[in-house]
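Work through the exercises below with the sequence and the model side by side. Each task is followed by its solution in steps.

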Amino acid sequence: MNKTHLGHTARKRFGQNFLNDTFVIEQIVDAINPQNGENLLEIGPGLGALTDPVCERVDALTVIELDRDLAERLRHHPFHGGKLTIIEQDALTVDFTPLAKDDAPLRVFGNLPYNISTPIMFHLFKYAHLIRDMHFMLQKEVVNRLAASPGNKNYGRLSIMTQYYCQVQPVLNVPPGAFVPPPKVDSAVVRLAPHKQPPVDVADVKVLERVSTMAFNQRRKTIRNSLKECISETQLLELGLDPVRRAETLSLEDFANIANWVHKHDS
Ligand code: SAM
């Protein structure tokens, strides 16, 4: 399998699968629709598959790249003409607050390293109030989980937490052949647009995360059993929830109600 692209050998530990299909790249950039004056931020620019066409459309773009060699290449790229601000850092440790400006919320995009795509998204959710939208290439299976509704086999903690923060819109499926080297899985692009107001009131998001993790760790069990450490059968009934239901049938609002009850009675 060819792992070398434009003279760079892909590093597995950095999740490097470089986009190499002009049609797919064009569709992604069209979906992002970058405009001058926007606060654009790319995670993992790599060899510039998305960076280059975005730079053709706008005057300024900030990129975060962990691989020192790739950051160095970008610094000496002949066509970017001073448009790029390069942050050579692990995206998981970046404080996004100083990157956001009041009049121009962040527009984040990237073909994410699949090995850490979920932690990157959760890190960004902490800054959801500073972000207008995010376009990410992810494993297709992850996109299915982000977008899943109750009753769907892909519905779980990732669906609950993502949908609490964002509106989720799958954009495009991408086959392995669009990358060098091709990943072993199918991919898809998703648009995540943070809600201006959360769709449900949650007193403490960490409790929502804890409760949904607990419920879906034992997704075959009834919530009476999977959640017995934090809420009783009687309390579930008082919240209007049948204790013999399974986690996969509960809506975001149901989870918010449970989390708020736990938050109130935990301390
Ligand atoms: N955007 C390029 C493309 O589409 O061809 C490269 C995408 S490749 C899937 C992921 C990129 O993220 C690589 O350039 C990799 O070096 C970079 N990367 C990996 N881990 C990172 C991290 N923790 N923080 C920032 N960038 C990272």
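**Exercise 1: the pocket lining**

β3 (18-19), β4 (39-43), α2 (51-57) and α3 (68-75) each give at least two residues to the lining of the largest pocket. Helices (H or I, at least four residues) and strands (E, at least two) are DSSP runs, numbered from the N terminus. The model is predicted: local features need pLDDT of at least 70, side-chain atom pairs count only at pLDDT 80 or more, and totals for chains, interfaces and linings use all residues. Residues are numbered from 1 along each chain as its sequence is written, and side-chain values use heavy atoms, with hydrogens and water left out.

Task: State which element supplies the largest share of this lining, and which residues are closest to the pocket centre.

Solution. Step 1: α3 supplies the largest share, three residues. Step 2: the space in this pocket is about 610 Å³. Step 3: 40 residues line the largest pocket, and F18, G44, P45, G46 and E65 are the closest to its centre. A pocket, on a 1 Å grid over the protein atoms alone, is an open set of points where a 1.4 Å probe fits, with protein on both sides within 12 Å along at least five of seven lines; lining residues have an atom within 4 Å of a point.

**Exercise 2: N39 and D242**

Task: Decide for N39 whether it is buried or exposed, then find the loop that holds D242.

Solution. Step 1: N39 is placed in strand β4. Step 2: N39 is buried, because its relative accessible area is 7% (buried means under 20%, exposed over 50%, partly exposed in between, with a 1.4 Å probe and protein chains only). Step 3: beyond residues up to four places away in sequence, N39 touches L99, A100, K101, A104, P105, L106 and R107 (contact means heavy atoms within 4.5 Å). Step 4: D242 sits in the loop between α9 (233-238) and α10. D242 is partly exposed, because its relative accessible area is 40%.

**Exercise 3: the cores and a covered helix**

Task: Name the residues of the largest nonpolar core that touch the most other members, and say how many residues of α6 are buried.

Solution. Step 1: the core has 60 residues, and F136, L192 and F255 touch the most other members (a nonpolar core is a set of buried Ala, Val, Leu, Ile, Met, Phe, Trp, Tyr and Cys residues joined through side-chain atoms within 4.5 Å). Step 2: helix α10 (residues 252-266) gives this core its largest share, seven residues. Step 3: another core, of 23 residues, lies apart from it, with C55, L61, V63 and Y114 among them. Step 4: in helix α6 (residues 157-165), seven of the nine residues are buried. Their cover includes α4 (117-125), α5 (140-147), β9, β11, α7 (205-217) and α10.

Terms used:
Grid points are joined across faces, edges and corners, and a volume is the space filled by probe spheres set on the points.
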